[in-house]
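Try each task yourself, then follow the solution step by step.

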Amino acid sequence: MTDTLIGATEAAEILGVSRATVSRWVTEEKLQPAQKMPGETGAYLFRRAEVERARREQEDRAEAAS
């Protein structure tokens with residue numbers, strides 16, 4: 001199975017957050033990008049499996065809190 005790389009917009013959709021939140025999570029080291037494109041403002045690419053794992057963790061935390 002190949003691990004597809006996705007952009008920040010798709011990662012945000014999967015996680016149910018904004019692109020700004022995805023960028024903040026990268027800065028806070030809560031979400032690890034697989035790659036950063038060249039340049040000062042280069043886009044982040046994420047492994048889909050990692051983003052889906054993060055979503056499951058979010059759901060688990062929300063379920064435990066309720």
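**Exercise 1. Find out what the buried residues of helix 1 pack against, and where around the helix they sit.**

Solution. Keep in mind that this is a predicted model.

Step 1. Begin with the partners: the buried residues of helix 1 pack against strand 1 (5–7), helix 2 (19–27), strand 3 (44–47) and helix 3 (48–65).

Step 2. Now name the residues. Helix 1 covers residues 8–15, and its buried members are Ala8, Ala11, Ala12, Ile14 and Leu15. They span an arc of only 160 degrees around the axis, so they lie on the same side of helix 1.

Step 3. An α-helix has 3.6 residues a turn, so residues three or four places apart point the same way.

Step 4. Look at what comes next: Gly16 follows helix 1 and has a positive phi, near 75 degrees.

**Exercise 2. Describe how helix 1 and helix 2 pack: at what angle, and through which residues?**

Solution. Step 1. Two packed helices are described by the angle between their axes and the distance between the axes.

Step 1. For helix 1 and helix 2, the angle is about 100 degrees and the axes are 8 Å apart. An angle from 65 to 115 degrees counts as roughly perpendicular, and helix 1 and helix 2 are therefore roughly perpendicular to each other.

Step 2. At the contact, helix 1 brings Ala8, Thr9, Ala11, Ala12 and Leu15, which meet Arg19, Val22 and Trp25 of helix 2. By class, this contact has 6 nonpolar, 1 polar and 1 charged residues.

**Exercise 3. Which residues of helix 2 are buried, and which are exposed on the other side?**

Solution. Step 1. Thr21, Val22, Trp25 and Val26 are the buried residues of helix 2. Viewed down the axis, they fall within an arc of 145 degrees, so they line one face of the helix.

Step 1. Turn to the other side of helix 2, where Ala20 and Thr27 are exposed.

Step 2. The buried residues of helix 2 pack against helix 1, strand 3 and helix 3. After helix 2 comes Glu29, with a positive phi near 60 degrees.

**Exercise 4. Follow Leu15: is it buried or exposed, and what does it contact?**

Solution. Step 1. Leu15 belongs to helix 1. With a relative accessible area of 6%, Leu15 is buried, since buried means under 20%.

Step 1. Beyond its neighbours within four places in sequence, Leu15 is in contact with Val22, Trp25, Leu31, Val51, Ala54, Arg55 and Gln58.

Step 2. Leu15 and Glu52 are 37 residues apart along the chain, yet their C-alpha atoms are separated by 7.6 Å.

**Exercise 5. How many aromatic pairs does the structure hold?**

Solution. Step 1. The structure holds 1 aromatic pair. The ring centres of Tyr44 and Phe46 are 6.3 Å apart and the planes meet at 45 degrees, so the pair is tilted.

Step 1. Compare the two partners: Tyr44 is partly exposed, at 25% relative accessible area, whereas Phe46 is buried, at 1%.

Methods: Residues are numbered from 1 along each chain as its sequence is written. This is a predicted model: local features need pLDDT of at least 70, side-chain atom pairs count only at pLDDT 80 or more; totals for chains, interfaces and linings use all residues. Side-chain values use heavy atoms; hydrogens and water are left out. Rings of Phe, Tyr and Trp (its six-membered ring) pair if their centres lie within 6.5 Å; planes under 30 degrees apart count as stacked, over 60 as edge-to-face and the rest as tilted. Buried means under 20% relative accessible area, exposed over 50%, partly exposed in between (1.4 Å probe, protein chains only). Helices (H or I, at least four residues) and strands (E, at least two) are DSSP runs, numbered from the N terminus. The arc is that of the directions from the helix axis to the C-beta atoms. Contact means heavy atoms within 4.5 Å. Axes are lines fitted to C-alpha atoms, for helices over the stretch in contact, and angles run from 0 to 180 degrees between N-to-C directions. Angles under 35 degrees count as roughly parallel, over 145 as roughly antiparallel, 65 to 115 as roughly perpendicular and the rest as oblique. Ala, Val, Leu, Ile, Met, Phe, Trp, Tyr, Cys and Pro count as nonpolar, Asp, Glu, Lys and Arg as charged, and the others, Gly among them, as polar.
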